[in-house]
Amino acid sequence: MVKINGKDREAAGKTLSQILEEEGYQPLRVAVELNLEIVPKAAYGSTAVKDGDTVEIVSFVGGG
Amino acid sequence: MENDKLVIAGHEFTSRFILGSGKYSLSLIEAAVKYAGAEIITCAVRRANTKEHENILDFIPKGVTLLPNTSGARNADEAVRIARLARELGCGDFVKIEIMRDTKYLLPDNAETVRATEILAKEGFIVMPYMYPDLNTARDLVNAGAATVMPLASPIGSNKGLATKDFIQILIDEIDLPIIVDAGIGRPSQACEAMEMGAAAVMSNTALATAGDLPAMAEAFRKAVEAGRQAYLSGLGRVLVRGAAPSDTLTGFLRD
């Protein structure tokens, strides 16, 4: 299992690009952390996740 | 007034009113920016939502500087993490550090804020720390590489105005960085007063988000901030400790 934004997903073996597309995120509007390390956008296609990984996908929202 | 610029880490701004984007519809942002005359708008970083396809970046007019905050951070390490993610989102190096350990009053943790400022300034961020107005902390923030200091006027979202007025004045008088009054400013008159005191800028979010007519209130704030700035630059008239002084000469024919 891979924890994506707090939820367990069957995503082991997939690349970050695949995950973003399948889950419906806008790749140009998000930043991605894999096990607390930021992954550059250019590496989404070549970075695969494995069992036990934690992925955080964030974007900007309104705030003060 | 024409050449009067707000300068933050070498970046020049004409507007001295920083706008928040929280707690109101994305569709109102464009009007809020326009009526506020704002050149800087704050935003937050959160887990992305796949069900919402509207993104705040699509609503912010071109040329407006984005100031991401680190709200949600409970310590320096979390603030640093959020700041790095914000930079990765690709909208520049500005960051407003916001670290709250206290969940009831949402007061900033000054010590952790200094620590986060030091780390992020070294990484090339333009660091604008939100803080409780304390001169010693402000000096520490200067030494840590802050670009501005952002003292709170009263608790976040309270609209209570300049509860910490005397302590903000000390920062304005003693700190060489721009002092930007943040949090708690609820009315245009309070924004104006902060500017009359010599604040470099005022930031407001809730005062607009909870107003009856947001764009109209944004315009009221713009005018108030401009009036306060002009008053400050003009040099306020003196206050008498006691007694009175006539505005016209008392000698006159009635007493002859």
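Me: Helices in this model are DSSP runs of H or I with at least four residues, numbered from the N terminus. Where is Cys192(B) found?

Reply: This is a predicted model, and in it Cys192(B) sits in helix 6 of chain B, which covers residues 188-196.

Me: Why is Cys192(B) called buried?

Reply: Its relative accessible area is 14%. Buried means under 20%, so Cys192(B) is buried.

Me: Which residues does Cys192(B) touch, leaving out those up to four places away in sequence?

Reply: They are Ala224(B), Ala227(B) and Gly228(B). As for distances, Cys192(B) and Phe221(B) lie 29 residues apart in sequence, with 8.1 Å from C-alpha to C-alpha.

Me: What makes Lys23(B) count as exposed?

Reply: Lys23(B) has a relative accessibility of 60%. Exposed means over 50%, so Lys23(B) counts as exposed. You will find Lys23(B) in the loop between strand 3 (17-19) and helix 1 of chain B.

Me: What is the phi of Lys23(B)?

Reply: Lys23(B) has a positive phi of about 65 degrees, although it is not a glycine. Most residues other than glycine have a negative phi.

Me: Why is Leu106(B) called partly exposed?

Reply: Its relative accessibility is 33%.

Me: Which residues are in contact with Val7(B), leaving aside neighbours within four places in sequence?

Reply: Glu12(B) and Pro178(B) are in contact with Val7(B). Val7(B) and Pro178(B) are 171 residues apart along the chain, yet their C-alpha atoms are separated by 7.8 Å.

Me: Why are helix 1 of chain B and helix 8 of chain B called roughly parallel?

Reply: Helix 1 (residues 29-36) and helix 8 (residues 214-234) of chain B pack at an angle of about 25 degrees, with axes 7 Å apart. Angles under 35 degrees count as roughly parallel, so helix 1 is roughly parallel to helix 8 in chain B.

Me: Which residues make that contact?

Reply: Helix 1 of chain B brings Ala31(B), Ala32(B), Tyr35(B) and Ala36(B), while helix 8 of chain B brings Leu214(B), Pro215(B), Ala218(B), Glu219(B) and Arg222(B). Sorted by class, this contact has seven nonpolar, no polar and two charged residues.

Me: At what angle do helix 4 and helix 5 of chain B cross?

Reply: Helix 4 (residues 135-144) and helix 5 (residues 165-174) of chain B cross at roughly 40 degrees, and their axes come within 10 Å. The crossing is right-handed. Leu135(B), Ala138(B) and Arg139(B) of helix 4 meet Ile170(B), Leu171(B) and Glu174(B) of helix 5.

Me: Which residues have the most contacts inside the largest nonpolar core?

Reply: They are Phe60(A) and Leu19(B), in a core of 65 residues. Helix 2 (residues 76-88) of chain B gives the most to this core, with seven residues.

Methods. Residues numbered from 1 in each chain as written. Chains lettered and ligands numbered in written order. Predicted model: local features only at pLDDT ≥ 70, side-chain atom pairs only at ≥ 80, totals over all residues. Heavy atoms only, no water. Axes fitted to C-alpha atoms, helices over the stretch in contact; angles between N-to-C directions. Helix = DSSP H or I, 4+ residues; strand = E, 2+ residues; numbered from the N terminus. Parallel < 35°, antiparallel > 145°, perpendicular 65-115°, else oblique. Contact = heavy atoms within 4.5 Å. Nonpolar A, V, L, I, M, F, W, Y, C, P; charged D, E, K, R; others polar. Core = buried A, V, L, I, M, F, W, Y, C linked by side-chain atoms within 4.5 Å. Buried < 20%, exposed > 50% of the residue type's maximum accessible area, 1.4 Å probe, protein only. Left-handed = near helix turned anticlockwise from the far one by under 90°.
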